Amino acid sequence: MTKARLWLGLMLAVAAGCGDSSPGDSGHASPAGTVYGEGVECTLAVKVSELSDNIDSYAGKRVRVEGLVTGVCAKRGCWFEMASDREFATPLLFKVQDGVMVFPMSMKGKYAVADGVVRKIELDLEQTRRYLAHRAEESGEAFDPTAVTKPLIRVRLDGVGALVRDPE
Amino acid sequence: MGVRQLIRVLHRDFGYFLVGLVIFYSVSGVAVNHIDDWNPSYSTSVTAVVLAPLEGTTLDDLEREVVAKAGLDPDEVAGRHRPDPRTIVVFLPHGGEARVEIATGQGTVKRVRTRPILFESNVLHLNHLKGVWTYVADAFAALLLGLALTGLFMLKGRTGLAGRGKWFVGAGILLPLGFLVYYYATR
């Protein structure tokens, strides 16, 4: 009995490891909200509409944007979309590599402050249809490719970190 | 205690200890392996709804109308959004949403639920927790290696590594190697 306990203790000690807990990339709670990745450190605050209107000026720069979360990657939790401050405008995509940060679907409807590097992605019509078809499939919605007649220019933030909280 | 007896003791106790982790990881492994065909963490159901046309002029009014007409629980509403002039989206728990065309009242209610056991298994297996769990997962991998290596030398004779064991070990090594050779030869 004693030997068994010793063994178990040894295995648990090995399994528990001794590393400190880095910020949880599936989010860890803070007084201000749930922090993802490196959190929000960038001081260059830009509105989503400003970014969309002047994409060439901001491409490659690290910025901070804020907005309502309107969509989340359903399968891998590797991106979310933020509504623009301008009514009915195209939302901004915040993207990370799979597993670097994992965003839960319950984030939809919350408010995000996001820190990342701006990228301009020009899709042709076929790429636009594939992209929208993929999005529709992931979210379980019907999709009609013939309804898409214009190619998209996507503004994307390559994610460094984010802070997500309830909307005010 | 002889070396072989020590190996058996190690193998036995590693095996006992790892049962729980192996179950979580293998269940998640199969689920995530088929991620192109399904969502291993969430289940989604979409129901078409036909409400009366919405008459509200403010976002608050539209949200209230959708909630009332679609029979939603006001307490479960997690927010709302107008993606375009024609549509209102009311967010529901776990990423669900009611999406309604204002002029016609036609739309869908999407309910999202986490898959019990699978969701939690995926959180562990895919290391969404990060932090200390990273080291637990590393230790798990090391102990699995220990389990494999001690398994090689548990028995001797006809059923040991020098006997029939070598054929099984060889087959287990050839399987992944064969696939790699095939993969690179046909690229």
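## Terms and basis of the model

A polar contact is a pair of N or O atoms within 3.5 Å; within protein, one atom must be able to donate a hydrogen and the other to accept it, and residues adjacent in sequence count only if both atoms are side-chain atoms. Such a contact joins the side chains of Ser41(B) and Asn122(B), at 3.1 Å.

The model is predicted: local features need pLDDT of at least 70, side-chain atom pairs count only at pLDDT 80 or more, and totals for chains, interfaces and linings use all residues. Residues are numbered from 1 along each chain as its sequence is written, chains are lettered from A and ligands numbered from 1 in the order in which they are written, and side-chain values use heavy atoms, with hydrogens and water left out.

## Chain A as a whole

Chain A contains 4 helices and 7 strands; helices (H or I, at least four residues) and strands (E, at least two) are DSSP runs, numbered from the N terminus. Read from the N terminus, the order of elements is α-β-β-α-α-β-β-β-β-α-β.

Of the 168 residues in chain A, 41% are buried, where buried means under 20% relative accessible area (1.4 Å probe, protein chains only). The accessible surface of chain A, about 8,900 Å², belongs to carbon and sulfur atoms for 54%; the areas come from the Shrake-Rupley method with a 1.4 Å probe, and for residues only the protein chains shown count as cover. Among contacts (heavy atoms within 4.5 Å) in chain A between residues at least 6 apart in sequence, 69% join residues at least 24 apart.

## Arg156(A) in strand β7

Arg156(A) lies in strand β7 (residues 153-165) of chain A. This residue is buried, because its relative accessible area is 17%. Its side chain makes a polar contact of 2.8 Å with the side chain of Asp158(A). Beyond four places in sequence, the residues that Arg156(A) touches include Leu92(A), Lys95(A), Val117(A) and Ile121(A).

## Helices of chain B

Helix α1 (residues 3-33) and helix α3 (residues 118-125) of chain B have axes that come within 8 Å and cross at roughly 100°. Therefore α1(B) is roughly perpendicular to α3(B), a term for angles of 65 to 115 degrees. Axes are lines fitted to C-alpha atoms, for helices over the stretch in contact, and angles run from 0 to 180 degrees between N-to-C directions. The residues that make this contact include Phe24(B) and Tyr25(B) of α1(B), and Leu118(B) and Asn122(B) of α3(B).

In α3(B), the buried residues are Leu118(B), Ser121(B), Asn122(B), Val123(B) and Leu124(B). Their cover includes α1 and α4 (132-152) of chain B. In helix α2 (residues 59-69) of chain B, Leu62(B), Glu63(B), Glu65(B), Val66(B) and Val67(B) are buried, and β2 (79-84), β3 (87-91) and β4 (97-101) of chain B are among what covers them.

## The loop between α1 and β1 of chain B

Ser41(B) is found in the loop between α1 and β1 (42-50) of chain B. With a relative accessible area of 9%, Ser41(B) is buried. Leaving aside neighbours within four places in sequence, Ser41(B) is in contact with Arg113(B), Thr114(B), Arg115(B), Phe119(B) and Asn122(B).

Ile35(B) is also found in the loop between α1 and β1 of chain B, and counts as buried because its relative accessibility is 10%. Apart from neighbours within four places in sequence, Ile35(B) is in contact with Lys75(A) and Arg76(A) of chain A and with Pro40(B) of chain B.

Methods
Buried means under 20% relative accessible area, exposed over 50%, partly exposed in between (1.4 Å probe, protein chains only). Angles under 35 degrees count as roughly parallel, over 145 as roughly antiparallel, 65 to 115 as roughly perpendicular and the rest as oblique.
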